[in-house]
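Please examine the sequence and the structure shown below. The paragraphs that follow lead through two of its features in turn.

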Amino acid sequence: MARRPEHSAVSSRLAYAVVSVVFANYLGNAFLYVLEAGATPVRIASSLAVLLAIACLQLGVFSRPGTNLHSPWAYAALGAQALLVFAPVPFFPTAWSGMVVFLAGSVLLVLRGGTRWFAFAAVSVANPLSKTSYDIPPSVLGYYTASSLTAGLAVYGLSRLPSLVAQLETARSEVADLAVTQERLGFAHDVQNLLGLSLAAIALEAGQARRMIGDHTGRALEKTARIIAASREALTDVRAVASSYRGSSLADEIESARSVLTAAGIVTTIESDAPEPSPRSRTAVATVLREGVSNLLRHSGATRCEITISGDGRTVTIDVVSDGTFRLHAEVPATTEPARRPLFAGPPIATRFARVLLAAVVAGYGVMATLLAAYYLPAIGFGGILVCAVSGAVTGALVLGFVSRPHVRPALGHAALAGIAVCVYVPQFAYGHPYLGGVPGFLAGAAVLLLPRWAGWAAFAVVVAGQGVLQAVWGYPQSDVVWALMATTNHGLVLYALTRLRSMVTELHEAREELATAAVTRERLRFARDLHDLLGYSLSAITLKSELTHRLASIDSGRARRELAEVAEISRQALADVRSVALSYRELSFDEETVSAQALLSAADIEVTVRIDAHELPGDVQVTLATVLREGVTNLLRHSKAEHCEITLSSSPDLVALDITNDGIPAVERKSSDGNGIGNLTTRVRALGGDLRAGPTPEHTYRLRAEIPLPVTASR
């Protein structure tokens with residue numbers, strides 16, 4: 001049975017509504033205890049005022065999406081909440097101790113590192129410790145301990161739910177934009193690989209053919225024939241690269257390499273005995289061959305070149321060797337098609353956080369149910385306690401194994417629901433005791449998760465009301481009836497909320513992938529138009545003029561020379577157009593990179609602070625700083641365990657500085673000078689007269705800093 005998808009806006013509202021109801025029940029339970037302890041007007045008014053203040057802090061600060069939970073304001077709110085939790089204890093001793101669950105959850109939200117878990121444990125045990133002076137059975141003290149720990153985790157998880165949903169919703173479009181940026185870089189690379197060499201070869205061939213007309217007209221005709229073939233192939237490449245699905249022909253690439261190398265005066269030997277590889281592998285080998293020949297022509301003074309392509313059925317090997325100290329060796333799998341890698345991985349915190357938290361809360365509620373049953377040992381005996389423990393364990397297994405799964409077949413879902421109902425009601429009716437059914441709220445929550453929407457919520461209401469009816473029928477006081485209603489409601493909503501947290505993360509991640517794919521498709525269409533507008537006419541003109549030259553070479557050598565001169569000029573202009581297209585798709589915007597960095601770091605559950613105090617920077621400086629920012633954030637996500645990152649761009653009249661600081665891996669574990677990425681960045685920064693440094697700071701953080709001098713006009 002597939003989990004029902006919900007619109008993201010509905011998910012946000014529903015998440016906040018569930019959180020509000022659960023927290024209201026926690027506060028309402030405390031208020032009931034206040035009434036039982038002595039319902040005077042002063043006690044009622046003062047307790048309501050304090051409970052309302054706790055609710056405002058929890059919902060308005062700690063559970064509110066967008067709140068900076070590590071700001072001075074958040075720490076002040078945490079101090080105020082601690083005062084509201086502990087100060088009333090002398091006035092409402094046993095009634096107020098349950099309020100520590102809000103402080104316990106908030107401690108996990110606001111504090112950092114391992115310290116927060118020690119603080120969480122210390123705050124949670126304050127509840128049972130406050131009751132040790134009373135004559136309370138050990139089972140009840142154990143119940144209070146398990147209740148504080150479990151409810152504290154529930155408060156933590158529920159407080160995270162609205163912000164996590166909002167965070168992921170915001171991150172979707174930014175990640176899609178990043179996918180477009182990556183696709184642009186791929187386009188630029190393909191354009192340079194596919195068209196740059198072809199256009200350069202056409203210009204070279206046209207110049208040589210122009211000089212040969214008259215004295216060596218036959219050879220000139222051969223070259224014009226090659227120009228025609230090359231221009232037609234380039235025009236085909238324009239159409240192919242625009243769709244970003246080019247399956248290169250290895251045979252055509254071999255002949256193209258032979259033609260280009262020969263035209264450059266390089267004696268070429270090509271041997272190929274490889275069996276036909278898969279399309280992906282064939283394209284990879286053809287690309288390697290083309291790039292190798294291009295680099296050989298650019299950087300080698302070779303006079304001879306040997307190209308060998310061989311294969312054994314499993315791999316295809318290509319070697320390009322010249323006497324100009326150039327050697328290229330590559331191996332490509334012959335048939336294996338790599339699995340498609342998703343555009344972006346989901347936030348690492350999200351699914352693990354939801355899974356572990358849900359398991360801990362489910363286990364905690366099971367322990368609480370067993371300890372509560374132990375309180376009634378004289379009435380139910382050890383057999384009843386054992387039955388309660390078994391029913392709770394089976395219920396928890398069904399919840400974690402089936403109910404909380406993102407996709408469950410209808411038959412299995414209904415069977416799990418029936419199994420939970422048996423575990424809840426059979427022990428209760430067998431012993432005539434309402435506390436032997438494990439966790440009845442799990443049946444209510446499972447019904448909402450597994451049944452159609454309105455049927456699920458109707459079943460939820462029936463289960464909750466049923467527990468109140470059973471308490472009343474079996475003669476329990478009215479306060480117990482109200483407690484049963486609130487506890488069953490809370491347990492069901494907590495199960496529903498934490499399960500929805502997990503499934504919403506998956507749904508939003510899938511939607512994010514779809515948005516990224518759609519954005520890439522739009523970018524391909526735009527790129528196709530740009531490429532066609534810039535190069536379509538040029539390549540068509542080259543083809544037509546080359547064909548005309550081929551006809552005129554023996555009839556009107558002067559006209560043929562003029563046509564070839566125009567072919568060479570058009571080729572050079574087209575090559576410049578290719579470079580301009582590639583450059584426009586390679587240049588990065590610092591503002592766009594800042595937005596993308598914030599989205600990616602936030603999606604990885606890293607708190608981001610951005611401070612920008614620099615404007616109107618030169619274009620080359622902006623591109624370099626954007627590159628540094630992208631590489632720095634990429635390395636942070638790959639190698640750091642950071643919880644906070646600060647990105648600062650500041651400038652003085654003669655200098656601009658970019659700092660990327662995080663509190664991740666300890667300084668002793670960091671290497672400031674390792675990795676090609678930092679080396680490449682250093683080269684780019686130094687090309688502008690700047691400096692780049694990376695390493696630990698005295699504040700026990702890790703900082704990447706780039707400094708670039710500014711021209712006098714740029715700082716004004």
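In this predicted model, helix 13 and helix 14 meet through a set of named residues. Helix 13 contributes Ile380, Gly383, Gly384, Val387, Ser391, Val394, Thr395, Leu398, Val399, Phe402 and Val403. From helix 14 come Leu412, Ala416, Gly419, Ile420, Cys423, Pro427 and Tyr431.

Helix 13 spans residues 377-403 and helix 14 spans residues 410-431. Their packing angle is about 165°, and their axes lie 10 Å apart. An angle over 145 degrees counts as roughly antiparallel, and helix 13 and helix 14 are therefore roughly antiparallel to each other. The crossing of helix 13 and helix 14 is left-handed.

The second feature is a sheet. Strands of a sheet pair through backbone hydrogen bonds, and the pairing may be parallel or antiparallel. Here, 4 strands form an open sheet in the order 1-2-3-4, and the pairing is mixed. Strand 1 (267-272) and strand 4 (326-333) are the edge strands, each pairing on one side only. On average, neighbouring strands of this sheet are turned by 5° against each other, direction ignored.

How many bridges join strand 1 to strand 2? There are 6 bridges between strand 1 and strand 2 (residues 304-311), and the two strands run parallel. Within this pairing, Thr268 stands opposite Cys305 in strand 2.

Technical notes. Residues are numbered from 1 along each chain as its sequence is written. This is a predicted model: local features need pLDDT of at least 70, side-chain atom pairs count only at pLDDT 80 or more; totals for chains, interfaces and linings use all residues. Side-chain values use heavy atoms; hydrogens and water are left out. Two strands pair if DSSP finds at least two bridges between them. Axes are lines fitted to C-alpha atoms, for helices over the stretch in contact, and angles run from 0 to 180 degrees between N-to-C directions. Angles under 35 degrees count as roughly parallel, over 145 as roughly antiparallel, 65 to 115 as roughly perpendicular and the rest as oblique. A crossing is left-handed if the near helix is turned anticlockwise from the far one by less than a right angle, and right-handed if clockwise. Contact means heavy atoms within 4.5 Å.
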